[in-house]
Amino acid sequence: TKKLMKWQRSFSGEVEIDKVHSSGLLTKLGLFTAIMIVMSSMIGSGIFKKIAPMSADLGSGGLVLIAWLIAGVITLIGAATNAEIAGLIAAPGGQYVYFKEMYGKAFAFLYGWSCFSVIQSASIASIGYVFSESVNAIIPLPALSESWESISILGLFNPFENLGVKLLTISAIIFLTVANYLGVVFGGFINNLFTILKVAGILIIIVLGLTISGGSVENVAPVMENPGYEYGTSLGLFGAMFAAMLGAFWAYDGWNNIGYLGGEVINPKRNIPIALFGGVSVVILIYLLINFTYLFVMPVDEIISVSQDRNAIIAVEVMRKFMGNGGALFISVLIMISTFGTTNGSILASSRIYFAMSKDNLFFKSAGNVHDKFKTPCTSLIIQGTWSCLLVLSGTFDQLTDMLIFASFIFYGAGAFGVFVLRRKMKETHRPFKVKGYPWIPGIFVLFCLTLVVVTVIENPRDAGIGLFLVLIGIPFYIFWKSRK
């Protein structure tokens, strides 16, 4: 392991001499690791599952690929906008620190609180849950009797339901929390290893699917709207496209996690913008290729049929179709690798938000502790891991993901609008990187985020209401911590 870590540091340009950031954290992550963190935080479970509900929303293979492309371009625009801010402000906490400079501590706290209560913690819990589901598909995990599984709390949560899967998820979160507790280089090494493995696995699927599957380009048809297809939204094709893109955005989500590590990336004002562009661009290409492969092997009507089975994973069924149970086993192992690595990336990055909040006396004071030996935000990692484990017990994968998407895009839009704010507030400050096409590029992203939020409120008011409630419930906590200060 020591030899592998030494090779990884050499390959990524990471220095051997320890450099400690003013926050007390260790600056050890090079450009290669930064790019891997961007990719690992994005490539998780969505790429293996989301094409099925997206196909059901649109009824057209071509429109599904267009939805993936539009979501990818919008994500790249968001990354480009974020890159200007990341090149301007480099400190632990990423978006929290950016919002503090843009709009003040109150708004920044609401963002940090939302990350803790739902956005980041629920992401850790939900991706870890899919990891355990993949293990369960290969090695059935124990479950309690029906009488135990039916026990509910307030009629909303069934903590004992699917308990074997939940306990494995909690074990994985604890293991990865400990790994990141022991040092940022160790956590970064795990991140790099699993990112390389899952990208290699996805490329194998693409090559095999396009060469020996017996598929056809005709399976992608219809390329545009399917005549006579009934959309399940009140806004017709427009609403269906946004519903489908929500699934794609879940798969693209996580691209901004690298900003949270601003105090631990070497030369962050240069390397973080490069990592954002490079990582997001590669992921867009991978997503388009793998989804084209799914459609090449399996016609859209067949994918829609598969989507009716809640437990079916489209990537598994595609591989099973032309490689039998051996192919299904391969993809199940790949999903395990992918989700395990993404869970690690989220734990590594998001714990720095609460660390930064604590430094501003807007979170538990102990969350600002730095381990004397490992130079990691040790207590912040423990608090985050504990809450994520409780969320695992509270619900299923779909419940957890529904809670976080709506809230995420409120803050994505606010972050992009912050470029306009900082151009006025910090007009004389040197910017290593400026977003191209200003003001149109950030303006387009803000407008898209606003449209997505409005459409979600119209089409899915329940999830939008829960997401907004979890954001606003942070206000009394802000008042409490501010008064205590």
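1. By class, the lining of the second largest cavity holds 6 nonpolar residues, 5 polar ones and no charged ones (Ala, Val, Leu, Ile, Met, Phe, Trp, Tyr, Cys and Pro count as nonpolar, Asp, Glu, Lys and Arg as charged, and the others, Gly among them, as polar). The lining residues include Gly78, Thr81, Trp255, Phe411 and Phe445, and the elements that give two or more residues to this lining are α5 (61-88) and α16. About 70 Å³ of space lies in this second largest cavity.

2. This is a predicted model, in which local features need pLDDT of at least 70 and side-chain atom pairs count only at pLDDT 80 or more, while totals for chains, interfaces and linings use all residues. Residues are numbered from 1 along each chain as its sequence is written, and side-chain values use heavy atoms, with hydrogens and water left out.

3. A search of the whole structure finds 4 cavities of 30 Å³ or more, where a cavity is a set of points, on a 1 Å grid over the protein atoms alone, at which a 1.4 Å probe fits but cannot get out, and lining residues have an atom within 4 Å of a point. The volume is the space filled by probe spheres set on the points, which are joined across faces, edges and corners.

4. The largest cavity contains about 150 Å³ of space and is lined by 18 residues, of which Ser41, Ser123, Ile127, Asp253 and Gly254 lie nearest its centre. Its lining comprises 5 nonpolar, 12 polar and 1 charged residues. At least two residues each come from α2 (31-42), α7, α14 (314-359) and α16 (397-425), and α7 gives the most, with 4 residues. Helices here are DSSP runs (H or I, at least four residues), numbered from the N terminus.

5. Helix α7 (residues 105-138) also meets helix α19 (residues 474-484), their axes coming within 10 Å and crossing at roughly 125°; axes are lines fitted to C-alpha atoms over the stretch in contact, and angles run from 0 to 180 degrees between N-to-C directions. The two helices are therefore oblique to each other (under 35 degrees counts as roughly parallel, over 145 as roughly antiparallel, 65 to 115 as roughly perpendicular and the rest as oblique). In this contact (heavy atoms within 4.5 Å), Phe109 and Trp113 are among the α7 residues, and Phe477 and Trp481 among those of α19. The contact residues divide into 8 nonpolar, 1 polar and 1 charged.

6. In the loop between α16 and α17 (440-459) lies proline 439, and the peptide bond that joins tyrosine 438 to proline 439 is cis, with omega near 5°.

Note on methods:
On a 1 Å grid over the protein atoms alone, a cavity is a set of points where a 1.4 Å probe fits but cannot get out, and a pocket is an open set with protein on both sides within 12 Å along at least five of seven lines; lining residues have an atom within 4 Å of a point.
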